[in-house]
Amino acid sequence: MSAKAISEQTGKEFLYKYICTSAAVQNRFRYASVTSETDWDRLSQEHPWLLTERLVVKPDQLIKRRGKLGLVGINLDLQGVREWLKARLMRETTVGKAKGVLKNFLIEPFVPHPQDEEFYVCIYATREGDHVLFHHEGGVEVGDVDAKAQRLMVAVDEKLSEDQVTEHLLTHVPDEKKEVLASFIVGLFNFYEDLYFTYLEINPIVVTKDGVYVLDMAAKIDATADYICKAKWGDVEFPPPFGREAYPEEAYIADLDAKSGASLKLTLLNPNGRIWTMVAGGGASVVYSDTICDLGGVDELANYGEYSGAPSEQQTYDYAKTILSLMTREKHPQGKVLIIGGSIANFTNVAATFKGIVRAIKDYQGPLKEHEVTIFVRRGGPNYQEGLRVMGEVGKTTGIPIHVFGTETHMTAIVGMALGHRPIPNQPPMDAHTANFLLNASSSAMTPATTRTASFSESRKSNDVTPAKKSKAGLPADSLCLLVNLAKATTLFGKQTKTIVWGMQTRAVQGMLDFDYVCSRDEPSVAAMVYPFTGDHKQKFYWGHKEILVPVYKNMADAMKKHTEVDVLISFASLRSAFDSTMEAMQYPQIHTIAIIAEGIPEAQTRKIIKVADEKGVTIIGPATVGGIKPGCFKIGNTGGMLDNILASKLYRPGSVAYVSRSGGMSNELNNIISRTTDGVCEGVAIGGDRYPGSTFMDHVLRYQDTPGVKMIIVLGEIGGTEEYKICQGIKEGRITKPVVCWCIGTCATMFTSEVQFGHAGACANQDSETAVAKNQALRDAGAYVPKSFDELGDVIKTVYDELVANGTIIPADEVPPPTVPMDYSWARELGLIRKPASFMTSICDERGQELIYAGMPITEVFKEEMGLGGVLGLLWFQRRLPRYACQFIEMCLMVTADHGPAVSGAHNTIVCARAGKDLISSLTSGLLTIGDRFGGALDAAAKQFSKAFDSGMLPMEFVNKMKKDGKLIMGIGHRVKSINNPDMRVQILKDFVKQHFPSTQLLDYALDVEKITTSKKPNLILNVDGFIGVAFVDLLRTCGGFTRDEADEFVEIGALNGIFVLGRSMGFIGHYLDQKRLKQGLYRHPWDDISYVLPEHMSM
């Protein structure tokens, strides 16, 4: 959500820090917070004024009218405050319908004053601007301020002046107080704007000769502006509404939500309830809650929540396990039900999200069966068939009763089944599989013949788009003098509509092109893309069977200039950049429609966008929307889902019914309902779930009223706002004459004892008239067709449609089969329709999940177990968790092989390369290329030679003699400097460790016997460090218990031991590279006197 209430303490802290006014604001930062754990001695030390002043104490838990409820202690000393709190702190109290425990209190200095020094001020946001309310009589008995307060509306992007305040608000204020109040109110308004408040009420504000005192304060801020205001806000704590506890699980899900691009919400209503929900989609989650309450389940409804926006499998798992953990803590005598519901997804891979839920069900199968949980599932969208299959399978394998339904079942039908109000079908009919719609039997790559393009009652013109204004394309409109707002287009999209897509959303663009193709458009609707993070280039897409290139521009100006036919912009910009990119787009008069997909744009920015759009005649769809669709013509982004749903809902050709909703997921559900009950959709728009959508219900209803092809209109409203009342007015005044079927979701809100913020930012009623119940009744009274519940919406739509067919208003057309579109390879593989050998196979690492996995071990476990570098090497090289001594031995080997001075060939090459100005990678590679049999590559060779001799039963003397006879060197024997009298300490360190920790050292002992023979002939023919590591590693592999003999021999054969030297010596080579760079050594040239030039003195033929 966007507007969130903050505590009085937080609001006053902000005000005291950041208000800028000439009025003297008194008692700044003089407040103290008290809970049951407060140390009173420490509190009085931190706030010494508590001991010297008279005090006021009150609960700070979002409780309204505390004075009338007797919840304010006035004119007390500190001991009096403590006595007053004894009767209230941690005690349950009832406020309205809400019962809650008083936990947090605020103590402030008492301000003695007469009644005539109390005033009331309030600022709140609306679509058009910010309203400032002022009344010259404040305090507990202020009464109905809406009716009697002076009010001033400050339009969006305008400023408030002291003269305006004095003239319009302070008419009943004594002259001596006007200057102070005017300055304070202007300062308060600027503070309200700067810190992105949406509501700010002070009652009373007291003005004395000393200055201004802010006594009681209530406020909400726009939480989506956190990225703008973080420096001033800090970490804001948003308290829950009074009567609802703040649960750690809610905080956990909120944290997941903040870290995710998806939406994850959870509100606990009754943790002991038997009805639990796990619903996909902000709109759908409200509909399911409504239906549960309509069927009498309000007292047993345990939670409200939603997941949407394509969460990953891991995120869905974390969300699901939280709910399953909560619902399996307390048993219920009737058992429990879990409703896993949702509308038809537009772009979320249902099977992928269900995998996370299935994992959680498997993890909790014991508790779920113990608590007698029955699960009901209904879902649609991309790959939903596979998701439902997996969900059904887990029910069979775990023994948990899981009833699974798809798009053939009405969305909320499972609620009636779960609550025992309707029977559970034994074998529900399943819709056809995705693949059945998409595979093309024809080999022709030609664009198919045009299918039905209009409903019978609509005649098509050559160009069915009404532009807002004819203007020269590609030029900003700054030079145009706009004295009045331009008229907006009645028809937004047609068969020739062209768009620019802002953002590298290749999947959405391909979906649009596939829709264009199946609608038999002559050309793709996407003319170009804008992506500021790359240079200009072309992106490959499919047009039916053919591959086409779509230009991508770094700058919007270039795209507009080169594509003058474009009149629509679809913006996938992030919430941080959507405002700037939209404002830029509106400078081009060729653009008459902009769809803003991003959710979480601050309301103040959205209102500025709306203001400019109204001035320029631009229709805004969104923010926080999936977009809209005009069957047979054009679709925005992911609207309508994938092609299986496009075809199942007959969105490839127009019908006679137009709809407008807030929710993107519910708009797809409407597509489904309309296709099953009428001749189909003519146009549909999801205006978005924010408080201030760019276009309103009424904007689109009036467009539909003026569109000949639209014969009936459907509006899916919701709790919050008053836009639906304009539809009532339009029907009553005769402006709307076509049948309107309307239902406002959120009827459950009036049944809850505490305020619940639903999934959409705008879904919250601030007054009785904004409730769904009130709006449904008003629409019914105005003459709209309003069902009794969402369950009956389809029936009402069918009834109205049948009447229109019966009286001849609608003449259904014959169906024409749509053309088929080839399925993308990646999606066909996802559906399991094809298989292809992988280009690579790997068995050591998997980076695809929530966290990196080494040979089956999550990276968090690697650190938790303190496995170290040796342990990681064991996982990645040997796919084993090696014993601790083995890990230590590997690390010791890396340490002793790290470097052996600058004279050896590898280090020498690295140094020469570094001094030639080459980079680190080139220099390191130059050194590594010298490693072989003559330098550093003796580990493998020594291991192989000694193993072969030992395994064949050859005595050490026989081995030495045979190698001498064959004229071969014994690898790992001999050292240029070290000898039996000057031993290599590296070998001695390793030998001591191996003898102490290895369970057996047979091969090492054999090699040491060989050493005795070779050193008797020449003292420097010792077992060197390469040879020692080679034979010791063979002992390790053979005796640590983690490998069979064949596996141990295979690792030696494939070169694993040389890897130890390569990895260790890389550290030294890098050190030499950095050393040369640090010493700033120049190009190396070998001196002449160190080269022996041997040239032939005479050559003859």
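Author: A residue is called buried under 20% relative accessible area, exposed over 50% and partly exposed in between, using a 1.4 Å probe and protein chains only. The model is predicted: local features need pLDDT of at least 70, side-chain atom pairs count only at pLDDT 80 or more, and totals for chains, interfaces and linings use all residues. Residues are numbered from 1 along each chain as its sequence is written, and side-chain values use heavy atoms, leaving out hydrogens and water.

Reader: Is Phe998 buried or exposed?

Author: Phe998 has 7% relative accessibility, so Phe998 counts as buried. Tyr885 is buried too, at 16%.

Reader: How are the rings of Tyr885 and Phe998 placed?

Author: Rings of Phe, Tyr and Trp (its six-membered ring) pair if their centres lie within 6.5 Å; planes under 30 degrees apart are stacked, over 60 edge-to-face and the rest tilted. For Tyr885 and Phe998 the centres are 5.6 Å apart and the planes at 55 degrees, so the pair is tilted. Tyr885 lies in helix α29 and Phe998 in the loop between α34 and α35, 113 residues apart.

Reader: Which residues form one aromatic cluster?

Author: Tyr885 and Phe998 belong to a cluster with Trp877, Phe878, Phe889, Phe1033, Phe1043 and Phe1051.

Reader: What describes two packed helices?

Author: The angle between their axes and the distance between the axes. Helices α33 (residues 956–965) and α35 (residues 1002–1017) pack at about 55 degrees, with axes 9 Å apart. Angles under 35 degrees count as roughly parallel, over 145 as roughly antiparallel, 65 to 115 as roughly perpendicular and the rest as oblique; α33 and α35 are therefore oblique.

Conventions. Axes fitted to C-alpha atoms, helices over the stretch in contact; angles between N-to-C directions. Helix = DSSP H or I, 4+ residues; strand = E, 2+ residues; numbered from the N terminus.
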